[in-house]
Amino acid sequence: AIAFAGGGFRAFTVDVGLTVGLLAARARRDGVAPTFADTAFLERFETISSNSGSTWFFTELAFSWRFRHMVERMAASPEKAGAEFWHDWMQGWIALGTDRVAKSQSEDSVEAARNRSGHTDDDAHAMSDFAILQSIREVSFFWRRGLSWNDFVHLLLKKTSGVDSLNYMGDPVPAWLEGKVWMSVHSVVAGTPEKEAQLSSSKGKVVRYHRVGEAAVPVYIPAKHSIVLGSGRAAAAPYPYFAANSGVHATSLHYTGSAWFGLRELHEQTAALEQLGRRIESRSGALPVSGVASASSAVAGGMCLSSQITSAVSNLDAQLTPWAALALEGSDMFSRGTACFHDLEEKGVSRGRLRVCARSGVAGVVDGGYTDGSGVAQAVSAGATEVVMVVNDLISVSALFQREKGSTETLGIPRLHLPIFAEWYSDALYQDMADLHIPEPYQHVQRFMVASANGTTVRNDLFGIAEGHKVTLRIVYVRTHLLIGALSDYKDYCGLAEEMMGCMLSDKNAHILDEWFLRHL
């Protein structure tokens with residue numbers, strides 16, 4: 001399997017840089033054109049797992065001929081790769097984000113939230129804790145127009161690649177991808193009695209929910225949309241939406257609607273989450289890829305659990321949590337979830353509207369990083385014993401192992417540590433480690449490393465992983481000063497992709513290219 005880790009625009013760009021470098025290297029070695037078909041791209045892999053910005057990348061790779069042609073042109077002209085990326089991808093997107101008034105307003109709220117927390121941007125770069133705040137910056141243009149994270153991702157895909165709401169998971173893909181399994185990982189906000197999720201709040205009327213039942217599942221439940229690529233819109237998912245032993249068979253969601261500032265309360269409850277998950281699986285091919293990508297990348301979606309951050313951005317009418325109807329299948333999953341949210345916001349709480357939410361199973365669907373940002377855990381749960389993982393921070397690696405720092409909370413938003421390996425994380429885990437030479441005067445690639453690591457699985461019911469299985473990780477790690485997304489950095493992302501390609505094609509790295517990249521990828 002190959003797992004593309006999350007990290008917004010940074011992850012997207014690392015994936016692009018690695019891809020164009022591989023196409024160019026294979027073409028040079030084999031004397032073929034630098035195309036996906038001629039270089040047998042991803043031929044070694046049966047399963048592709050993606051999270052967050054990497055789900056944007058794979059969505060466009062699988063469903064956009066325009067994006068694939070751009071990548072092939074980049075691979076054919078290494079010296080112009082950054083300019084090609086800028087002209088054909090970035091410019092169409094960045095034109096949407098130049099509203100300085102909205103940006104200024106959003107940054108005021110960001111600064112206020114940061115001051116309350118005592119953290120800095122340096123902490124964000126080192127620990128990825130402030131991905132949430134960067135997302136607030138990213139969607140500032142959309143807030144001013146009353147749009148949401150779903151709108152943000154939909155427009156991102158449409159403007160950069162032509163992928164839109166009429167593209168579905170089961171749609172045709174290039175021949176070199178047909179028959180492979182794609183898993184887009186995310187997390188479902190379950191809430192707990194102590195940490196309820198806020199679905200709606202308007203004019204003294206609030207709707208909250210939390211999980212109830214015999215199984216004490218955590219505040220988020222790992223989930224995935226999966227499909228055999230090219231299998232059609234009527235195709236079912238090859239893997240369960242929730243892991244079978246995760247406790248969802250005995251877990252429901254309980255909604256409380258408070259009206260008149262708490263003087264009146266209404267209550268409704270869903271069916272068991274396991275039953276809802278089976279509906280989603282039944283027509284995985286009919287899920288719109290823009291909705292799938294929105295859920296996988298909603299890095300600030302956990303704000304529905306935090307009164308701190310919701311109050312910080314309430315004046316902007318932000319909606320960073322995608323809402324999905326877990327009881328429905330196909331495109332209705334996302335459209336009904338959004339409709340229920342808007343009905344509550346615009347019309348307020350009533351027993352009828354609350355009952356519709358419960359019967360639809362409305363819940364927040366957010367970034368896989370709240371449970372596993374690497375995508376590796378879901379790949380292992382699918383049976384993979386060797387996983388190539390493409391990461392842009394080593395936290396994605398350490399989170400798979402035992403470590404001193406467990407689950408965390410930032411600005412009132414929890415992030416879980418759910419290790420799948422018995423070993424403790426340390427630098428000693430890395431084997432066959434090699435750092436690529438970085439040519440002068442590169443500015444954006446700070447480190448380009450490959451390594452291997454071995455792990456022995458522990459029982460993790462939330463992912464459906466049994467103990468005692470040996471797994472080999474092949475790690476591709478790129479460190480850069482660029483963050484997951486900020487308007488001033490967009491042109492630098494193009495430079496990052498070109499520099500990665502230059503590193504891979506440098507004569508000083510020929511031995512690493514041959515012995516590692518061309519062997520394992």
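Me: Why is Ser-246 called buried?
Reply: Ser-246 has a relative accessible area of 7%. Buried means under 20% relative accessible area, exposed over 50%, and partly exposed in between (1.4 Å probe, protein chains only), so Ser-246 counts as buried. The model is predicted: local features need pLDDT of at least 70, side-chain atom pairs count only at pLDDT 80 or more, and totals for chains, interfaces and linings use all residues. Residues are numbered from 1 along each chain as its sequence is written, and side-chain values use heavy atoms, with hydrogens and water left out.

Me: Where does Ser-246 lie, and what is it in contact with?
Reply: Ser-246 is in the loop between strand E6 (220-228) and strand E7 (251-259); strands (E, at least two residues) and helices (H or I, at least four) are DSSP runs, numbered from the N terminus. Leaving aside neighbours within four places in sequence, Ser-246 is in contact with Val-217, Asp-461 and Leu-462, where contact means heavy atoms within 4.5 Å.

Me: Which backbone oxygen lies 2.7 Å from a polar atom of the side chain of Ser-246, and what makes this a polar contact?
Reply: The backbone oxygen is that of Ala-243. A polar contact is a pair of N or O atoms within 3.5 Å; within protein, one must be able to donate a hydrogen and the other to accept it, and residues adjacent in sequence count only if both atoms are side-chain atoms. The separation of 2.7 Å from Ala-243 to Ser-246 is within that limit.

Me: What makes Asp-461 and Arg-459 a salt bridge?
Reply: Their side chains meet at 2.9 Å, N to O. Asp-461, at 26%, is partly exposed, whereas Arg-459, at 59% relative accessibility, counts as exposed.

Me: How many salt bridges does the structure hold?
Reply: The structure holds 16. One of them joins Glu-329 and Arg-283 at 3.9 Å, N to O. Glu-329 lies in the loop between strand E9 (323-325) and helix H13 (332-347), and Arg-283 in the loop between helix H10 (273-282) and helix H11 (289-297), so this pair ties together parts that are 46 residues apart in sequence. Another is formed by Asp-343 and Lys-347 at 3.8 Å, N to O; both lie in helix H13, four residues apart, about one turn of the helix.

Me: How do you know whether H2 and H3 are roughly parallel or roughly perpendicular?
Reply: The axes of helix H2 (residues 53-63) and helix H3 (residues 65-76) come within 6 Å and cross at roughly 100°. Axes are lines fitted to C-alpha atoms, for helices over the stretch in contact, and angles run from 0 to 180 degrees between N-to-C directions. Angles under 35 degrees count as roughly parallel, over 145 as roughly antiparallel, 65 to 115 as roughly perpendicular and the rest as oblique. H2 and H3 are therefore roughly perpendicular to each other. Phe-57, Glu-60, Leu-61, Ala-62 and Phe-63 of H2 make the contact with Trp-65, Phe-67 and Arg-68 of H3.

Conventions. Salt bridge = Lys/Arg side-chain N within 4 Å of Asp/Glu carboxyl O.
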